[in-house]
Amino acid sequence: MTDEQWLEVALEEADAAAAHGDVPVGCVIADANGEELGRGHNRREIDGDPTAHAELVAMRAAAHSRGHWRLDGCTLYVTLEPCVMCAGALVNARVARLVYSAADPKAGGVDSLYGVTTDARLNHRLEHRGGLLADRSIERLRAFFGALRARGEK
């Protein structure tokens, strides 16, 4: 599958997050052979867990599928640029490649605010590509936050 096709899967996961009141971010992880190892979406609200970001949910599933914490050779596809926590997890899991849709100017840990995944001081760096299908991801985020504002929520 192409990067865009994998991001389509991640967008479906983003829709699942919105369906239960979480910020619509979705993620899927594939190995070097193109086999899906794990997927996830934001679950912070439904799980009451501040670390239940789409990337971490998907990485846990992928590590379980592999039977090991190392995700070397894998590509992580996500609908929003990872935050610092998630970017750090990508480095620690030895993910080979990241593809994301929308940039996150308020919390992005890859390009927007920080460069965690390419910092030469860390023990691992990974290739990354951003901006694919960004308009589709941004559309979901705007609709979600617009609905929250309309209800008077933060």
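Student: Which residues lie nearest the centre of the largest pocket, and how many residues line it?

Tutor: Rolling a probe the size of a water molecule over the atoms shows where empty space is left. In this predicted model, the largest pocket is lined by 21 residues. Nearest its centre lie Val 23, Leu 80, Asp 104, Leu 141 and Phe 145. The volume of this pocket is about 550 Å³.

Student: Which helices each supply at least two residues of that lining?

Tutor: These are α3 (54-66) and α5 (134-150). The largest share, five residues, comes from α5.

Student: How do the lining residues of the largest pocket divide into nonpolar, polar and charged?

Tutor: Twelve are nonpolar, two are polar and seven are charged.

Student: At what angle do the axes of α1 and α5 cross?

Tutor: The axis of helix α1 (residues 3-19) comes within 11 Å of that of α5, and the two cross at roughly 5 degrees. Because angles under 35 degrees count as roughly parallel, α1 is roughly parallel to α5. On the α1 side, the contact is made by Glu 8, Leu 11, Ala 14, Asp 15 and Ala 18. On the α5 side, Arg 136, Ser 137, Arg 140 and Phe 144 take part. By class, this contact has four nonpolar, one polar and four charged residues.

Student: In which sense do strands β1 and β2 pair?

Tutor: In a regular strand the side chains alternate between the two faces of the sheet. Here β1 (residues 26-30) and β2 (residues 36-41) pair in the antiparallel sense over five bridges. Cys 27 stands opposite Gly 40 in β2. The hairpin of β1 and β2 has five residues between the strands, and in this hairpin Gly 34 takes a positive phi near 85 degrees.

How values were computed
Residues numbered from 1 in each chain as written. Predicted model: local features only at pLDDT ≥ 70, side-chain atom pairs only at ≥ 80, totals over all residues. Heavy atoms only, no water. 1 Å grid on protein atoms, 1.4 Å probe; cavity = no way out; pocket = protein on both sides within 12 Å on 5 of 7 lines; lining within 4 Å. Points joined across faces, edges and corners; volume = space filled by probe spheres on them. Helix = DSSP H or I, 4+ residues; strand = E, 2+ residues; numbered from the N terminus. Nonpolar A, V, L, I, M, F, W, Y, C, P; charged D, E, K, R; others polar. Pairing = 2+ DSSP bridges. Axes fitted to C-alpha atoms, helices over the stretch in contact; angles between N-to-C directions. Parallel < 35°, antiparallel > 145°, perpendicular 65-115°, else oblique. Contact = heavy atoms within 4.5 Å.
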